[in-house]
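Q: I would like to learn how to read a protein model. Can we go through it one feature at a time?

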Amino acid sequence: METVAQREEKFSSFLTLPTGYKPFFTFPVGDKALDGYSKKKYVCKLLFIFLLGHDIDFGHMEAVNLLSSNRYTEKQIGYLFISVLVNSNSELIRLINNAIKNDLASRNPTFMGLALHCIANVGSREMAEAFAGEIPKILVAGDTMDSVKQSAALCLLRLYRTSPDLVPMGDWTSRVVHLLNDQHLGVVTAATSLITTLAQKNPEEFKTSVSLAVSRLSRIVTSASTDLQDYTYYFVPAPWLSVKLLRLLQCYPPPEDPAVRGRLTECLETILNKAQEPPKSKKVQHSNAKNAVLFEAISLIIHHDSEPNLLVRACNQLGQFLQHRETNLRYLALESMCTLASSEFSHEAVKTHIETVINALKTERDVSVRQRAVDLLYAMCDRSNAQQIVAEMLSYLETADYSIREEIVLKVAILAEKYAVDYTWYVDTILNLIRIAGDYVSEEVWYRVIQIVINRDDVQGYAAKTVFEALQAPACHENLVKVGGYILGEFGNLIAGDPRSSPLIQFNLLHSKFHLCSVPTRALLLSTYIKFVNLFPEVKATIQDVLRSDSQLKNADVELQQRAVEYLRLSTVASTDILATVLEEMPPFPERESSILAKLKKKKGPSTVTDLEESKRERSIDVNGGPEPVPASTSAASTPSPSADLLGLGAAPPAPTGPPPSSGGGLLVDVFSDSASAVAPLAPGSEDNFARFVCKNNGVLFENQLLQIGLKSEFRQNLGRMFIFYGNKTSTQFLNFTPTLICADDLQANILVYL
């Protein structure tokens, strides 16, 4: 008995022999008719030659002729040849379609199965146009065999994925849902895959599948492994079907029927309970199947986000996996806990595992797992643990993989800003960040720290002192020189009273870094020098000598040369008053979305970052006193001084201003009024906020010095969920604060309101 390898070697040797010595590959010539067996044999040889890598440009018609045979083996080879070698542009496609139609109409389950497999394998648009209307009828027909139903469901799924516009929704959609109650689990498995894909695009058409899926899942979960012997995989009953049913349920919100909802909760609790039981087998296949069902159940719990008990139990179960010896389980546990951290019900439970996550960050060998640990630390961070998490991330940053350093830098910068109770800590953190990973600190990071320092009077002196001390190090990163140059140019006068940081010492310290920096940084330092001329007249002559030097006036770089010439002329001809006007201190920056967060969204994907940020905003809307209000002086906030361009940081576009709200009316008065029946009119200027929600799901609806009203919305298919949150921006606690929602009568039945 020759082996396959020997046979392939024999066939390959035949290809190298002269024509007269190739009896195996000799095809008949002339008008001699071939019987079915001979056609099958020669077509099979052609197929094998093609699989060896040789082009085949004949024999296609013989393969099509095999489709009309009544023998299974001949028809099988014909369909196999067509599935592999015939493309959708072939001239024979019409003949093939006719043969397939004949087999589908034959009601022979074997022939129907072969035809359906061929349609699915080819999956062309021509196939969809020809059979998309016929296959659903076969699927829901009462006399169709179970094996054919399976093939029909998967074939229809294939056509829907390739040409969804050609698969019509009709009466069959309501009937295909009832296949979830079929006695044959193979049919149920195939139908579940089909319904899940269809429900993602047409949720209303398949809404009735929820109760049937819960019923079927309940029967599987509560059954013993011996009850489903044909579909039990290493003591786990029907794991693939269980996973598919759980994914189908994730297409819909929690069931409204209390009975169905209670039954689903029991199923999920049973799955969590089984995860705690001792394994029935030591084989890896058993644990893989068991964990596949468990993680899909946890995904459904997270999706519903409505059962606090289940969310906490899921968090505790994932916490056990954090120390599992299997790397894949640790990865999946960290990834799932990132999503759990965004839920208000399970956030505190996730925080209890902070030490385990920090340990994983330090000791884990797999970089992908370490990256998930960073993501989880970022997700679980709040005001209570921000300093600990930021310190650990900074510590890890020194040895972190180069591929994730930039992401860690962005996250540290965001957390330090968001949860900075004391902004001196924020300044220290950012400067430490630049020291550790200066090459990965983008412009957005040091732009942001400058904006915050300029907007907060209480931290300006500390920032000037801190950067002055940091610049005294023998080796400073260029980003630190940029931050130091900008802050000392604006607020160097706040530390000039100390002899150790006199104006001349500040200038000499910055100028000692000048020749080591790139052209953009040198340009910024020149702007700092002219700022010094205004702040410290005693160093004016020294700075003019630097600007007058040949290295500046005759610099090869046009930008540096122009700045040196203009600044020298300005310092020479301008009076003290003109200098003070032109080089006045930067006004506060208008509040806007953090550019660091925007960069992180671009790097990680908008949906992931947005969900985490909005969930954090819901848990603590008044972090650090809420967003910084726009300064009362509209001239300072909306009219940047000429020095904005000098330092290379263009001020943000002026915020749109409206007429000032009247003191007697407006939204805030109605919010605090005792009358709950009156519909509050919009405050003047608030209409502009509504334009944000054309392209965004989240944002601030109304804001003044006392109150912030924000809106968060999320949509999945035809379902939506909207949150309105209120932030107290004062230091006084609100008393008797009660929100009231008033909506039209025709919306009452379609909206569920939770206060």
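Q: What percentage of the residues in the protein is buried?
A: Buried residues make up 47% of the 755 residues. Buried means under 20% relative accessible area, exposed over 50%, and partly exposed in between (1.4 Å probe, protein chains only). This is a predicted model: local features need pLDDT of at least 70, side-chain atom pairs count only at pLDDT 80 or more, and totals for chains, interfaces and linings use all residues. Residues are numbered from 1 along each chain as its sequence is written, and side-chain values use heavy atoms, with hydrogens and water left out.

Q: How many helices and strands are there?
A: The protein has 38 helices and five strands. Both are DSSP runs, numbered from the N terminus: helices are H or I with at least four residues, strands E with at least two.

Q: How do I describe two packed helices?
A: Two packed helices are described by the angle between their axes and the distance between the axes. Take helix 16 (residues 308–321) and helix 17 (residues 327–340): their angle is about 150 degrees, and their axes are 8 Å apart. Therefore helix 16 is roughly antiparallel to helix 17. Axes are lines fitted to C-alpha atoms, for helices over the stretch in contact, and angles run from 0 to 180 degrees between N-to-C directions. Under 35 degrees is roughly parallel, over 145 roughly antiparallel, 65 to 115 roughly perpendicular, and the rest oblique.

Q: Which residues of helix 16 and helix 17 meet?
A: In helix 16, they include L311, A314 and L318; in helix 17, they include L329, R330 and A333. Contact means heavy atoms within 4.5 Å.

Q: What is a nonpolar core, and which residues touch the most other members of the largest one?
A: In soluble globular proteins, nonpolar side chains tend to be buried together. A nonpolar core is a set of buried Ala, Val, Leu, Ile, Met, Phe, Trp, Tyr and Cys residues joined through side-chain atoms within 4.5 Å. The largest here has 191 residues, and I100, V176 and L433 touch the most other members. Helix 23 (residues 423–437) gives the most to this core: 10 residues. A second, separate core of 10 residues includes V43 and L47.

Q: Is I408 buried or exposed?
A: I408 counts as buried, because its relative accessibility is 1%. I408 lies in helix 22 (residues 402–418). Leaving aside neighbours within four places in sequence, its contacts include V374, M393 and Y396. V374 is 34 residues from I408 along the chain, yet their C-alpha atoms are separated by 7.4 Å.
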